[in-house]
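Reader: I am new to this structure and would like to learn how to read it with care. Could you take me through it, beginning with a single place in the chain?

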Amino acid sequence: MAGPGCGPAATGEGGGPVEVTWWGHATCTVEDSGVRLLTDPLFARRLAHLRRRRGALPPPEAARAEVVLVSHLHADHLHPPSLARLAPGTLLVVPAGAPEAVPALRRLARQGLRLAELAAGEELSVEGVTVRAVPARHDGRRLPYGPHRSPALGYVVEGEARTYFAGDTGLFDEMAEAVGPVDVALLPVGGWGPYLGHGHLDAHRAAEALAALSPAAAVPVHYGTYWPIGLDAVRPHEFHAPGDDFVRHAARLAPKVTVHLLGHGERVRPEVAR
């Protein structure tokens with residue numbers, strides 16, 4: 001899907017060296033240099049008080065990846081039943097301290113997943129692709145009142161292109177410096193409820209972040225998928241509109257960036273200049 005100022009309709013053909021597929025919420029597949037990376041996999045119809053209101057559940061192929069990146073410990077980003085669908089041997093990258101805070105991660109490791117913990121500024125390489133952890137401004141505790149054991153992260157994936165997955169984050173002054181130069185930005189533009197708390201980006205703040213980061217292309221994520229049961233009529237604009245609002249704000253604040261507005265399950269190869 002393309003709105004005003006967006007790039008071409010999503011396809012897997014042509015375009016640049018990295019392919020991005022949006023499965024819904026914060027779940028994306030990033031393919032670069034022959035390596036498949038999956039972000040914050042959530043493959044559930046329901047999660048506690050949330051239900052999937054738009055987009056079919058991702059197909060089994062969505063769980064196929066060499067590397068899975070988990071940004072923080074909230075249950076809609078670190079979802080053990082979804083992680084259990086990964087093939088044994090998959091590398092699961094989590095924020096430092098996550099296995100102590102979420103015992104299910106240790107069980108998954110015993111079942112064959114390979115765990116790697118990163119703190120902001122640390123990196124690892126997989127088959128020529130580098131994953132670097134960058135800071136996020138978000139309360140990523142597993143429970144709302146639990147201890148701060150594992151700070152929330154974003155990740156920069158660098159192969160033939162540099163792709164920034166922000167996870168959940170608020171806007172902060174040092175964002176562009178901490179993230180560094182990137183070609184593609186996967187930015188959260190909404191949430192799963194009628195109100196966004198501290199440490200989130202709405203469509204306007206996401207466009208401000210885009211202007212600071214100045215990538216060649218962007219894909220809005222983290223909106224229009226899950227919504228609390230019984231709240232369909234409460235501020236429905238916050239569910240349906242963030243993607244279109246982001247396109248509009250980005251056209252004004254970051255006019256040189258091509259925004260690809262994807263539907264669930266759609267993919268794109270953004271043009272990047274390297």
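**Reading the model step by step**

Author: Let us begin with serine 33, which lies in the loop between β2 (27-32) and β3 (35-39). Please keep in mind throughout that this is a predicted model.

Reader: What is the phi of serine 33, and how should I read it?

Author: As a general idea, most residues other than glycine have a negative phi. Serine 33, however, has a phi near 55 degrees, which is a positive value in a residue other than glycine.

Reader: Is serine 33 buried, partly exposed or exposed?

Author: Buried means under 20% relative accessible area and exposed means over 50%, with partly exposed in between. Serine 33 has a relative accessibility of 34%, and therefore it counts as partly exposed.

Reader: Where is arginine 235 placed, and what is its phi?

Author: Arginine 235 belongs to the loop between β15 (226-228) and α6, and although it is not a glycine, its phi is positive, at about 50 degrees. With a relative accessible area of 38%, arginine 235 is partly exposed.

Reader: Where does alanine 241 sit, and is it buried or exposed?

Author: Alanine 241 is found in the loop between α6 (237-240) and α7 (242-253). Its relative accessible area is 12%, so alanine 241 is buried. In sequence alanine 241 is 66 residues apart from methionine 175, and in space their C-alpha atoms are 25 Å apart.

Reader: Stepping back to the whole, how many helices and strands does the protein chain have, and why can it be called as compact as a globular protein of its length?

Author: The protein chain contains seven helices and 17 strands. Its radius of gyration is 17 Å, close to the 19 Å that the globule rule gives for 274 residues, so the chain is as compact as a globular protein of that length. Along the principal axes, its C-alpha atoms fill a box of roughly 50 × 45 × 35 Å.

Reader: What share of the residues counts as buried, and what share of the contacts joins residues at least 24 apart?

Author: Of the 274 residues, 55% count as buried. Among contacts between residues at least 6 apart in sequence, 69% join residues at least 24 apart.

Reader: What is the mean pLDDT of the protein chain, and which stretch should I read with caution?

Author: The mean pLDDT is 92, and 91% of the residues reach 70 or more. Over residues 1-13, however, the pLDDT is below 50, although this stretch has 28 contacts in the model beyond near neighbours in sequence.

Technical notes. Residues are numbered from 1 along each chain as its sequence is written. This is a predicted model: local features need pLDDT of at least 70, side-chain atom pairs count only at pLDDT 80 or more; totals for chains, interfaces and linings use all residues. Side-chain values use heavy atoms; hydrogens and water are left out. pLDDT is the predictor's confidence in each residue, from 0 to 100. Contact means heavy atoms within 4.5 Å. Helices (H or I, at least four residues) and strands (E, at least two) are DSSP runs, numbered from the N terminus. The radius of gyration is taken over C-alpha atoms; the globule rule is 2.2 Å times the number of residues to the power 0.38. Buried means under 20% relative accessible area, exposed over 50%, partly exposed in between (1.4 Å probe, protein chains only).
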